[in-house]
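Hi everyone, thanks for coming. I have a structure to walk you through today, so let me put it up on the screen.

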Amino acid sequence: MNYFFVLTLTGVAAGMIYAALAMALVLVWRATRVVNFAQGAMAMTTTYIALAVIQLTGNYWFGFIAALAAGLVLGAVAERGIVRWVENGPPLNAVILTLGLLLILEAVVPMIWGAQIRSFPAPFSISAVQVGAAFIPVSPFNLFTVGVVLLVMVALLVLFRFTGLGLSMRAAAFAPEIARLLGVRVGRLLTFGWGLATMAGALAGLLVAPSLLLYPNNMDAILVYGFTAAVLGGLDSPIGALVGGLAMGLALSFIGGYLGPDLETAGALAILIAILMVRPQGLFVHAAERRV
Amino acid sequence: MQPRGACERGRASLSRVGAVRPALLRHSLLGVGLLLVGAAAVWAIDPYDPFLVYQLSSVCYFAIGAAGLTVLTGLNGQLSLGHGALMGVGAYTTAVLLKDHTDLNPALVMGAATAVTAVASIIVGAAAARLRGPYLAGATLGLAVGLPGVAVRFSNIFGGDAGTSIPALVPPDPLSSVTPEVWLTWICLVPTVITFVLLANLVRTRYGRDFRAIREDEVASALYGIRVARTQVLAFVLSGACAGLAGSLLGYTSNLAAPGSFPLTLSLLLLAAVVIGGLGTLPGAVWGALIVVFFPSWITSLNDTVHLPSAVRDQLPLALFGAVFVVAMLAFPHGIQGGLVRLWQLRASRRKAGTPEPEGGAT
Amino acid sequence: MLEVDGLSVSYGGVTALDGVSLRIPDDGITAVLGPNGAGKSTLIRAIAGLVRPRAGTVSYGGRLLNGMSPEAIVRIGISMVPEGGGIIREFTVDENLRLAHLWRRDRADLRKALDEVMALFPLLAARRHLPANSLSGGERQMLAVGRALMSRAQLLLLDEPSLGLAPKVISLIMRTIHELSARRGLSVLLVEQNARSALSIANEAVLLSSGRTVASRRAGELAHEEELWHAYLGY
């Protein structure tokens, strides 16, 4: 019973991280109808940048902010400079292109910082919280993880539902030609969408690095989990990303806990195949087809 | 232009059959010829550069894997990022078979590895048949990242993280003067040639046309009577079988089947070979295999002339392959083979333009 | 003043517009008429920046519009209502209206503009927070016109606003356009297949056929030229 409880709590914390990466994939998909297979590698890159800043300044939060800022820039540059040219072509080209970005990032990062496995600091304690004499199997860092991802989700929700900028972004993604006729600068907003998405991905990278450690391929599995979570929730749905992430976190926690940690990724694969065969549009179907 | 009656039609269909048979014959003769030339070349090069010979065995299995993938992705339009994992299935089958029976005939072992992977591919292919584009890519990505973990989990069968060793191929007594790497490469050349001959012929048949038709327009193909799902699975099984065979050769070449030998990068390298060589062309698979194998070692050898820090040198091939993906999608969707084809067409048209008109020039 | 000079547009190998020239004054309604395939929609899309011309120029107030993006053209006071209205059905009436004003970045004026449009179109005010796909065809056209007003445009380009609408609704829309043009001093370029209703409110009329200008008259004069009607408009 206690083990189950521990697995649940661990699963929730991990699930929030997958939700953040899933959110990144969803944002990119909504904006440009591309699955960014390099999203994990981008998150890994921004985490390395964070580590460099932390080592330079001795302050975790400078690194945190640096990672988010780097994510904004990296995503914007990638969309504007490279991805834009394949956005309207056959989907196969966009997939191969983002895979190319993945290879480039996973090669260039060790060129700069080396391929050895590094540790990454957590801003709060990662040991269990003690209440009186009892230990709750949750650490302050877990709480921070859940809190910050929820905060980001809420902020994005507010942005999209209640601000003019969010309205413009939705229009740019949903009905770009009409939006242009209304004066919306569609191109710039799509670029900004990628920037926001990569910021969310950067957050995932920061939150997973303390336990997963930092090395050039560390986000490969997380990408698979995040993609599965995004598909589970519906590639068009930000809320779906959150729900899908939590579901993945819990499922993988139980699979790893009861069947063995090496089967986690295989388990994720099984879940992905199952969803794609049974309900490929995901749990939360966004109202309508996208307009060209 | 329709045949005017049963007689004509009969003759027409006979000539179609007649058209295929010469092609098969031609390909087989070409294959045997290439095999003999290749074997002789390998034997000749060996005293001067045994490592090159060893690398040629790598080219063989990459070529087989790339050939399968180019049929699946280039012809049929299904992008798979999991073929590295399928190579792992082939390699592990080889390892498990040889664990207790070290002197099994390599042909049998390779055949078994191919068959086992083909069966696995039926399952994967059936699951994948309904997926398109990024969904298929994501699912096969999961395969690539997840399957090695299975080998670790069942370490009593598969040897865990360290993997299972595969005994080296030893030439039989009458050929004991042949060095191990030459023997290895000879053994690798045979299935390579066979695979290419078979695929080259398959591509010309109805199946090849169906593959292409589905990639071009799935709805139209279905309306035309092509059984889309079945054909998709067939393409997957074919390419999976190639991957299994390639994995078996990989196992014989590296004497090992371990989870670390089949990372996501391997799948991406296969894809790189296909993209660089030219999506959908069999000669392109050869080009791609050559580049994927020789480019990294060329970079390493550059170290003698241009001193690069080791970190840069080690990662440069992957970075450049990634750059090739990006550039290829932006500028050259047809790869080397496509570029060569276009050059050929350009030369042909220029030659035609330069030829003077035989008569007064009435068009 | 919108000046179109020698405008030619091709799609693939097909010439949709062949050297069309016209002038749209700063107020009043100019109808562009012609049979199907005459190039009317192409003309309006080229002015709005959605289509790049092969030759010729478009200028507004002396400023060359060639090569400008649609979103830039909106910013100089030209607003296009595409065929069917171009309403984003998943958004609410309110969101559709707001979207058109956002580029101005003027929150006070946004509120003012919204109030104006709501006053002008009470039926929109009643459905303000409902999704736009709950509106009828005619109401969607009203919304489209309201949206064009939100952007504070001086020149409205309307692409077949009567398409698919019942006669009563058509006359309502035409009357609305006429009133807006008169009351606010707006200039309107009205592309229509329904020549009669267009001519009933237009000042000037241009007749296109096969990508070329066939006639350019005052609307009243064109209404009386029977041969032209029969030849090009089919009735």
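This is a predicted model: local features need pLDDT of at least 70, side-chain atom pairs count only at pLDDT 80 or more; totals for chains, interfaces and linings use all residues.

You'll find B:N255 in the loop between α10 (228-254) and β2 (256-257) of chain B. Here 13 other C-beta atoms lie within 10 Å, so B:N255 is classed as partly exposed.

Back to chain C, and its sheet. It is an open sheet of four strands, in the order β2-β1-β4-β5, and the pairing is antiparallel. Which strands stand at the edges? They are β2 (14-24) and β5 (63-64) of chain C; each has a single partner strand, so one side of each has no neighbour in the sheet. As a reminder, strands of a sheet pair through backbone hydrogen bonds, parallel or antiparallel.

If you zoom in on β5(C), its antiparallel pairing with β4 (residues 55-60) of chain C runs over two bridges. In that region, C:S59 is found opposite C:L64 of β5(C). Now look for helix α1 (residues 40-48) of chain C: it lies across β1 (2-11), β2 and β4 of that chain, and makes an angle of about 70° with β2(C).

Next, where chains A and B meet. On the chain B side 36 residues are in contact with 39 residues of chain A. The elements of chain B that give two or more residues to this side are α5 (133-153), α11 (264-277) and α13 (310-330). Which of them gives the most? That would be α5(B), with 16 residues. By class, the chain B side has 26 nonpolar, eight polar and two charged residues.

Finally, the confidence scores. For the complex, the predictor gives an ipTM of 0.89 and a pTM of 0.84. Chain C has an average pLDDT of 87, with 97% of the residues scoring at least 70.

Key
Residues are numbered from 1 along each chain as its sequence is written. Chains are lettered from A and ligands numbered from 1 in the order in which they are written. Two residues are in contact if their C-beta atoms, placed from the backbone, lie within 7 Å. Ala, Val, Leu, Ile, Met, Phe, Trp, Tyr, Cys and Pro count as nonpolar, Asp, Glu, Lys and Arg as charged, and the others, Gly among them, as polar. pLDDT is the predictor's confidence in each residue, from 0 to 100. A residue is buried if 20 or more other C-beta atoms lie within 10 Å of its own, exposed if 12 or fewer, and partly exposed in between; C-beta atoms are placed from the backbone. Two strands pair if DSSP finds at least two bridges between them. Axes are lines fitted to C-alpha atoms, for helices over the stretch in contact, and angles run from 0 to 180 degrees between N-to-C directions.
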